[in-house]
Amino acid sequence: MADSQFSDAPSSAYAPPHPRAKPGYGKRSAPGERPRTDRDFAHLLPRDAAVAAYIDRLPDGSDISVKTLAKHLPYGQCALSTTLNRLQAAGHLRRGSECVITEEVMLWVTRTFFSRTAREDGWWNAYTRGDAPPDEPQRPTRSRAFILLAALGRTAPTLTLSAADCVKLEPLVSEWFARGATETQLLHALTDGLPSPVHCAPRLLETRLRDKLPPERILPGPRTVLRILECGECGVPGSAEALLGGLCRPCRGPSPEPPVGPPGTVQPTGVRDRMNAVRAGLVPRSERTYR
């Protein structure tokens, strides 16, 4: 829906390419995104869905400021500002800063974080800490290890395995992959220097997988992520819990008081207005008519 609403403007033959922001700035895609579908932004208003679909297809680092978007989309700056605020409220967008560390300098840059999948405030808070939980991945029908074992007979016919053999040896091959081994390294370890004949392929492979298992990789320690979110209205920094819907408390305005009394009861704040309305409807004594 979003693409069809917006297919003409960016696809013009004379439309200039969308510019990139200054190095380190601009759009930053959120991790753990699901594959694109035609219904990604169907829950949004047509204009918001069109703009979201356009931003979603821009590469990271693109300039998605209101002024730049207005030059490439058939909407004015005020309309685009309203749309970006609605995308923020819907959980697709957050504004903030991120610390970029190079060999020469440590620099805070302004980011506009965009997520094709609508996210709750708790997810955005985890993302600022660097440990955002990924969406549940679609599990493949067969693992990488199983596929390698099942195709082993194509490289060495004497090592053709049954499905049960592949399932049994799958954890051992997965451990090789976990330790950084590649398919090529595994094939060399399993097929080089085979005896002739091979009496029991599963037992031979199990022995080689155990005896030639590479050492465990030494993984680097956890990296400290320096990232903060900012209010989309006034720019004040804060946590996702404080920036509900991407706005701080003053910009969200006062929270509505819960209703008092049974349904239809005039609330305390409306009593004065109700009495003024009643008084305005009364007929003065001097103008009353009696029958």
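A residue counts as buried when its relative accessible area is under 20%, as exposed when that area is over 50%, and as partly exposed in between (1.4 Å probe, protein chains only). The model here is a predicted one, in which local features need pLDDT of at least 70, side-chain atom pairs count only at pLDDT 80 or more, and totals for chains, interfaces and linings use all residues. Residues are numbered from 1 along each chain as its sequence is written, and side-chain values use heavy atoms, with hydrogens and water left out.

Now for the charged pairs. A salt bridge is a side-chain nitrogen of Lys or Arg within 4 Å of a carboxyl oxygen of Asp or Glu, and the structure has nine of them. One of these joins D56 to R116, with 2.9 Å between the closest N and O atoms. Because D56 sits in helix α2 (residues 46-56) and R116 in the loop between β3 (106-114) and α5 (121-129), this pair ties together parts that are 60 residues apart in sequence. (Helices, H or I with at least four residues, and strands, E with at least two, are DSSP runs numbered from the N terminus.) D56 is buried, at 6% relative accessible area, and R116 is buried too, at 12%. R36 joins in as well: R36, D56 and R116 are linked in a network of salt bridges.

Another salt bridge brings R94 and D121 together, at 2.8 Å from N to O. R94 belongs to strand β2 (residues 93-101) and D121 to helix α5, so parts 27 residues apart in sequence get tied together.
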